[in-house]
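Trainee: Before I use the terms in my notes, I would like to go through them one at a time. Could we set each value against its definition?

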2 protein chains.
Amino acid sequence: MTPKNIAVAGATGAVGAEFVSVLEKRNFPVKNIKFLASARSVGKKITFKGEEFAVEEMTKDSFKGMDVALFSAGGSQSKIYAQSCVDAGCVMVDNSSAFRMTPDVPLVIPEINPEDVKWHKGIIANPNCSTIIMLMAVYPIYQLSKVKRVIVSTYQAASGAGAKAMKELEDQARDFLDGKPVKKEVLPYQIAFNLFSHNTKIGDDGYNEEEVKMIKETNKILHDENIKVTPTCVRVPVLRAHSESIVVETEQKLSLDAVRSAIAKFPGCQLVDDREKNYFPMPLEVSGEYDCKVGRIRYDYTFDNGIALFVCGDQLLKGAALNAVQIAELL
Amino acid sequence: MTPKNIAVAGATGAVGAEFVSVLEKRNFPVKNIKFLASARSVGKKITFKGEEFAVEEMTKDSFKGMDVALFSAGGSQSKIYAQSCVDAGCVMVDNSSAFRMTPDVPLVIPEINPEDVKWHKGIIANPNCSTIIMLMAVYPIYQLSKVKRVIVSTYQAASGAGAKAMKELEDQARDFLDGKPVKKEVLPYQIAFNLFSHNTKIGDDGYNEEEVKMIKETNKILHDENIKVTPTCVRVPVLRAHSESIVVETEQKLSLDAVRSAIAKFPGCQLVDDREKNYFPMPLEVSGEYDCKVGRIRYDYTFDNGIALFVCGDQLLKGAALNAVQIAELL
């Protein structure tokens, strides 16, 4: 790959910091790089490959001469700057939900639908973190047999609500342990030693926006409108990795050995399924890791062709920055 | 009810402390009460209705003259003392799993199958905490239509592993926040800012003992071998209340209004289901409460007659001490 000019938009956020580390660690061929954020972050320093860069204010001119812009600055910022990227010939890889369901924007998990990158018209969307982590576990099964249904309950980390939510979890835990009242500034309810239904708007059908994303994005990524998904999204007091308890029903009966082998072989997945030692995926053990870990693989008791499993993945990495950089690598 | 002579066995544990508070608060008619524990707890003081009692060592003679023994001293202790209770004409209400699946021992949730108390032969078993909390949410639906399947993922509090596990969660959180290595003495993995698959033995089918309890106890309590259950049991960093994400498939199509109304009317259940305010059951808000809270009631997208819901219940109260005292009240 010829070295690229890269813009990192939302450079000072939780995902922004991971963009930097992933670009470095994967030795992404960077010609020039610039770090963009809102006016109030201008002048902050970011170190990339030993060199210090000052954060610049993002403007509509920021993308001229750039090849790829990695965006994680929130959906409203993505909408403001998308046309500027397109006009500048700079491909926007967008971590927000702004364009995920736009028909002419590919929604890509590189291990699953890399070919969708080809038909982009200047914008490629990074899926929702819970969708990515779920599909990393479900797709190896889907390759063996079409999946009819997925019932999934999530255990989502504070990082999904940003760096401030991660700090809020730590601050609340400290205050709670000290017997002090806990402060709620980012999340609507106490998250330390508690959990609550995902705090996104609820639609008429009773599903919150996070759950709707998991349903619709699955259909789009797999190009399969027949796969039915019922998600329940829950925030738990974990810092940066999501866990998901999943039951799938497949069209054909699969052996557990075939499922295990498919997951173990799938790029980006590790099989962690030691019944003897009671050792299965844990969010702490995938924090900072690129791979998702999958285990608890067993037959479901309620379907003829049902399989239950449990997956953990780093929300900031495979759920966000890593997946976006992998998309950029496909370009 | 004529006042009863009550023995509390395992009086110094997490559930033992709740037996005392529940007997007091419900004004259970107590004639005499004694508090039993192992030799190493002898002499510890327990205050009941303003009076101080010394903990006595549990022996096979402890139950003479007693009417009811509330047991939460672990399964092995229950097995040792069951015959002594029966011989003394003292009804054992046992919180352990020792006798739950014994055919001539009733397994009772008083709101669901109180009539089963009648055929006891000296021992009545208190169901597993996760089973109780699940069925408190599912049974009001079951009364409207038979339930064919239940898919449930749990978010289980540290209290299920006892008072020491609750303290371990707090200690680990403190050490983790201070950047110190965390100590693991009670639970096999770090629980603070982490979660893991329930640490009970895994059978050949890949289900752990906690999950097997949820399946078999449901069949026994409902006297229905046809209801299929697939549980995934997970421990989360919460102190004393369990949460469960549940999908049920019913035989008949039910309206959500009928489900909501059935749950709201069911004794021991509160409907907490405010979509507008994004306010649903949370473990922190049921901690110390007798009622289970149920919400997130919506149609499931994967079944024709599927309903999704979320329940929280205090593991030490409705999941243990309260349910046992309610059983004693039925006698």
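Mentor: Let us begin with the two chains, where 62 residues of chain B are in contact with 62 residues of chain A, contact meaning heavy atoms within 4.5 Å. This is a predicted model, in which local features need pLDDT of at least 70 and side-chain atom pairs count only at pLDDT 80 or more, while totals for chains, interfaces and linings use all residues. Residues are numbered from 1 along each chain as its sequence is written, chains are lettered from A and ligands numbered from 1 in the order in which they are written, and side-chain values use heavy atoms, with hydrogens and water left out.

Trainee: What area do chain B and chain A bury between them?

Mentor: The figure is about 5300 Å², with 59% of it on carbon and sulfur atoms; buried area is the accessible area (1.4 Å probe) that two parts lose on being put together, summed over both. On the chain B side, B:F193, B:Y301 and B:T302 lose the most area to chain A, and together they account for 13% of what that side buries.

Trainee: What makes A:R298 and B:E211 a salt bridge?

Mentor: The term asks for a side-chain nitrogen of Lys or Arg within 4 Å of a carboxyl oxygen of Asp or Glu, and the closest N and O atoms of A:R298 and B:E211 are 3.9 Å apart, so the pair qualifies. Between chain B and chain A the count is 4 salt bridges, and over all chains it comes to 28.

Trainee: Which parts of chain A does the salt bridge of A:R149 with A:E249 tie together?

Mentor: The closest N and O atoms of A:R149 and A:E249 are 2.4 Å apart. Because A:R149 lies in strand β9 (residues 147-155) and A:E249 in strand β13 (residues 241-250), both of chain A, the pair ties together parts that are 100 residues apart in sequence. Helices (H or I, at least four residues) and strands (E, at least two) are DSSP runs, numbered from the N terminus.

Trainee: Why is α3(A) called roughly perpendicular to α8(A)?

Mentor: The axes of helix α3 (residues 129-142) and helix α8 (residues 317-330), both of chain A, come within 8 Å and cross at roughly 90 degrees. Axes are lines fitted to C-alpha atoms, for helices over the stretch in contact, and angles run from 0 to 180 degrees between N-to-C directions. Angles under 35 degrees count as roughly parallel, over 145 as roughly antiparallel, 65 to 115 as roughly perpendicular and the rest as oblique, so α3(A) is roughly perpendicular to α8(A). In this contact A:C129, A:I132 and A:M136 of α3(A) meet A:K318, A:G319 and A:N323 of α8(A).

Trainee: Why are α1(A) and α8(A) called oblique to each other?

Mentor: Helix α1 (residues 14-25) of chain A packs with α8(A) at an angle of about 50 degrees, their axes being 9 Å apart, and the pair is therefore oblique.

Trainee: How is α3(A) oriented to α5(A)?

Mentor: With helix α5 (residues 209-222) of chain A, α3(A) packs at an angle of about 45 degrees, the axes being 10 Å apart, so α3(A) is oblique to α5(A).
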